[in-house]
Amino acid sequence: MLADAIDRKTSLPRPLRVLMVAAELAPLARSGGLGDVIHGLSCALGAIGVEVVIVTPYYGVTSLEGVPEPKPWNRPLWTPIGGDVRDVGVLETTLADDVRVCLLDCPALFRRNGIYRDENGDFGDNDMRFALLSSSALRVAEAIWEGPPDVLHAHDWHGALAVAYARLSDIAEWRNAVSVFTVHNLAFQGSFPLQRAAALGVPETALHNEALKQDDALNLLKGGIVYADRVTTVSPTYAREIITQRLGCGLDTALQSRSSRLFGIVNGIDTESWDPARDRAIAARYDAHDPSGRIACKLALEAELGLDPGGNAPLLGVVSRLIPQKGIDMLVDIIPSLVDDGARLAIVALGNPELERRIQDACSKWPDRVAFRPVFGDPIARRVYAGADMFIMPSRFEPCGLGQQYAMRYGAIPVATAVGGLADTIEQVDEASQKGTGFLFKDVTPSGLHDAISRASQARNKPALWARLIRNGMLRDASWDQSARRYFAIYRELAGAPPRPSLPPPPPVGVSET
Ligand code: GLC
């Protein structure tokens with residue numbers, strides 16, 4: 001039914017075709033939020049009638065659990081790259097019944113024990129690996145639709161060359177193809193020596209500062225930014241931040257000059273998979289109307305982690321990556337005073353070995369107060385969201401952030417910096433009106449974080465207020481539907497359909513918001 005409605009709206013004789021190009025896709029292969037977003041956005045677009053095909057590599061770490069058994073295509077793709085042609089197999093499966101997923105099978109480049117790196121660090125041929133993803137994606141479109149999709153939607157530096165290859169193609173149809181490029185994190189740019197350009201099939205004419213060159217290097221992310229018809233990022237605040245020198249990671253000028261084509265659309269979350277009323281990974285199920293199951297979840301989490309329940313002591317949860325962006329070092333700095341205040345800490349995070357060691361030290365010192373699990377994500381993450389009183393997210397910058405959204409949905413109150421998507425998804429608590437969903441702070445220092453945790457602790461001493469905040473967060477609409485419709489509005493405007501979107505496209509960053 002929805003598909004019909006959309007066909008009428010786009011005035012296309014068929015559903016809009018979107019080709020997603022991305023390095024990660026949950027639940028098959030993910031290392032962070034990117035994989036979750038590709039899954040959630042694609043399924044939400046599928047649900048409103050868009051024909052979505054996702055192209056992503058088939059890694060050695062790709063898990064096929066929970067998706068229909070993939071079927072191999074009977075012919076491989078012949079993917080041209082820099083004068084060479086690679087033979088790439090395709091395994092096809094689906095998500096949510098109607099989203100097609102094409103897994104690129106090139107054992108020499110993809111079947112490894114990691115997405116971007118293994119225990120020896122980043123793979124030395126990541127440029128070629130993701131150039132192959134990008135070039136093969138265009139071949140997939142040709143195999144399925146005999147030409148470009150209505151919209152080529154590439155993500156992060158790994159998919160950026162798909163946009164550049166299309167724009168620089170010898171084939172007019174591809175040169176004119178409509179493209180959207182989404183930046184999930186400007187800090188990762190895919191920067192390689194200029195000498196690699198020829199091997200990757202990037203022509204010399206594209207090696208200048210208005211194209212793929214940046215600071216005397218080949219910068220793949222920049223290719224996506226300069227060649228795409230629209231650039232989006234994953235929250236409106238981050239879209240405004242990245243055109244400033246402070247957070248522009250060297251690309252602020254390139255982004256600023258395109259600010260009339262730059263949009264911020266906040267990420268949703270998969271509210272079916274992340275639902276405390278149905279989640280089998282947590283000790284008890286509950287919902288916004290009766291969140292009492294959280295008590296059992298907190299006790300179970302404390303028992304699992306060997307923490308002393310300590311009466312009514314607040315349990316602070318962290319699910320993160322130990323990289324400077326996430327600011328967990330600031331939390332580690334204040335562990336002694338938090339312990340002094342009576343708090344318990346449950347930290348699930350992986351990354352910087354020095355920071356891991358500092359957290360381990362704190363665990364040895366206060367084994368029943370501080371617990372650390374150096375793992376990534378599920379399923380223990382779910383138990384932290386369900387059992388923690390507060391969720392600590394002191395990011396120095398945050399394009400969108402999903403952890404705070406999962407936390408709110410599970411009733412843990414976020415304490416977070418007022419940056420990027422955190423500022424857009426968390427509503428500052430106002431005690432008088434009992435509105436708000438979390439505690440945002442602007443002083444991005446250990447003491448700023450400590451003050452914010454103290455504010456949250458004081459609110460927690462007012463049970464009626466606290467119960468209300470839990471409820472506010474749990475009832476917040478975090479679903480993909482609205483955001484998918486905003487992407488859809490951009491697609492449709494670009495694909496030449498009449499501009500009658502069910503939701504207007506968000507205002508570009510270059511135009512002041514009303
Ligand atoms: C990156 C960003 C994060 C965002 C995610 C998905 O991991 O750091 O803020 O939520 O991409 O867009």
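How far is an oxygen atom of the ligand from an N or O atom in the side chain of N185? In this predicted model, the distance is 3.4 Å. The side chain of H184 also takes part, with an N or O atom 2.6 Å from a ligand oxygen. P399 contributes through its backbone: an N or O atom there lies 3.5 Å from an oxygen atom of the ligand. The surroundings of the ligand comprise 14 residues. H184, N267, E398, C400 and G401 are the closest of these.

Two helix pairs were examined next. Helix 4 spans residues 126-145, and helix 5 spans residues 156-167. Their axes come within 8 Å and cross at roughly 50 degrees. Angles from 65 to 115 degrees count as roughly perpendicular, and those under 35 degrees as roughly parallel. Helix 4 and helix 5 are therefore oblique to each other. The crossing of helix 4 past helix 5 is right-handed. On the helix 4 side, the contact is formed by N126, F130, A131, L133, S134, S135 and L138. Helix 5 supplies W157, H158, G159, A160, L161, A162, Y165 and A166. Ten of the residues in this contact are nonpolar and five are polar. None is charged.

The second pair consists of helix 18 (residues 446-460) and helix 19 (residues 463-475). Here the axes come within 7 Å, and the crossing angle is roughly 110 degrees. This angle makes helix 18 roughly perpendicular to helix 19. A456, A459 and R460 make the contact from helix 18. P463, L465 and W466 make it from helix 19. By class, this contact has five nonpolar residues and one charged residue, with no polar ones.

Two features of the backbone remain. Most residues other than glycine have a negative phi, and most peptide bonds are trans. D156 is not a glycine, yet its phi is positive, at about 55 degrees. D156 is placed in helix 5, the helix that crosses helix 4 at roughly 50 degrees. The other feature is a cis peptide bond between A26 and P27. Its omega is about 0 degrees. P27 sits in the loop between strand 1 (17-21) and helix 2 (33-47).

Key: Residues numbered from 1 in each chain as written. Predicted model: local features only at pLDDT ≥ 70, side-chain atom pairs only at ≥ 80, totals over all residues. Heavy atoms only, no water. Axes fitted to C-alpha atoms, helices over the stretch in contact; angles between N-to-C directions. Helix = DSSP H or I, 4+ residues; strand = E, 2+ residues; numbered from the N terminus. Parallel < 35°, antiparallel > 145°, perpendicular 65-115°, else oblique. Left-handed = near helix turned anticlockwise from the far one by under 90°. Contact = heavy atoms within 4.5 Å. Nonpolar A, V, L, I, M, F, W, Y, C, P; charged D, E, K, R; others polar. Near = heavy atom within 4 Å. Polar contact = N/O pair within 3.5 Å; in protein donor to acceptor, adjacent residues only side chain to side chain.
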